[in-house]
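Here are my notes on this model. Please read them with the structure open.

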Amino acid sequence: MLNKKLPKPKLSSRMKIFIEKAVPNYPFWDFCCDHGYIGIGALQSLKFSEVHFVDQVPHIMVRLEKLIYQSPALNPDYNFSLHTKAGEDICQEVTGSLLIAGVGGTTIKNILESLCNRDLLRADRLLLSPHLDEHIMNAFLASEKMARKYEVLEKISIQEGRRIRPLYIVDKIIR
Ligand SMILES: C[S@@+](CC[C@H](N)C(=O)[O-])C[C@H]1O[C@@H](n2cnc3c(N)ncnc32)[C@H](O)[C@@H]1O
């Protein structure tokens, strides 16, 4: 039975842009997923080989799992994984597209740095949308270890209500 307390996932135009900009046919990672609507939208788009949801708060992930399993609009055959842990503690290779949105640049830096230091950062595209501390994320992207692997392809501005949110599209450098 659908739990009436769980809201229907609703994609804002900001969230739709994240899905549009991700690389098709490969995994989609929704780091710091919270409500999970972006990852759910990614699942429903049928654009990706698998979708990974990552958030460090256990009750958020319990609720998200219920939402996925209880929503009649979601096909149980969808290929997805839930990771209840800090993004910094992910211990498998991250491939395809990696989204981190709605957190500060320090958190984005910490997650990327941890993956990079353990050689797990293998994504073709990073979609990064810091809501504060943008300069900390930018300094990290410009650091030697990141700049030799990734380059900023595009920075776009997304209107969300009265706020403007940045989105950095950062691609792996192909040599
Ligand atoms: C404001 S929500 C962002 C939701 C969504 N990404 C969006 O843009 O709409 C921030 C979420 O980040 C999660 N979070 C913060 N730091 C994290 C970390 N280091 N690893 C995993 N999740 C984290 C919080 O638990 C919270 O659910």
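1. Keep in mind that this is a predicted model.

2. Start with helix H2, residues 37-45. The helix is mostly covered, with seven of its nine residues buried. Those residues are Tyr-37, Ile-38, Gly-39, Ile-40, Gly-41, Ala-42 and Leu-43.

3. Leu-46 sits in the loop between H2 and E2. Leu-46 counts as exposed because its relative accessible area is 64%, and the cut-off is over 50%.

4. Asn-25 also calls for a look at the backbone: its phi is positive, near 75°, and the residue is not a glycine. Asn-25 lies in the loop between H1 and E1. With 59% relative accessibility, Asn-25 is exposed.

5. Now the largest pocket, with a volume of about 330 Å³. It is lined by 23 residues, and the closest to its centre are Cys-32, Cys-33, Asp-55, Ala-101 and Val-103. E1, E2, E4 and helix H4 (105-117) each give two or more residues to the lining. E4 gives the most, with three.

6. What is the lining of the largest pocket made of, by class? There are 12 nonpolar, five polar and six charged residues.

Conventions
Residues are numbered from 1 along each chain as its sequence is written. This is a predicted model: local features need pLDDT of at least 70, side-chain atom pairs count only at pLDDT 80 or more; totals for chains, interfaces and linings use all residues. Side-chain values use heavy atoms; hydrogens and water are left out. Buried means under 20% relative accessible area, exposed over 50%, partly exposed in between (1.4 Å probe, protein chains only). Helices (H or I, at least four residues) and strands (E, at least two) are DSSP runs, numbered from the N terminus. On a 1 Å grid over the protein atoms alone, a cavity is a set of points where a 1.4 Å probe fits but cannot get out, and a pocket is an open set with protein on both sides within 12 Å along at least five of seven lines; lining residues have an atom within 4 Å of a point. Grid points are joined across faces, edges and corners, and a volume is the space filled by probe spheres set on the points. Ala, Val, Leu, Ile, Met, Phe, Trp, Tyr, Cys and Pro count as nonpolar, Asp, Glu, Lys and Arg as charged, and the others, Gly among them, as polar.
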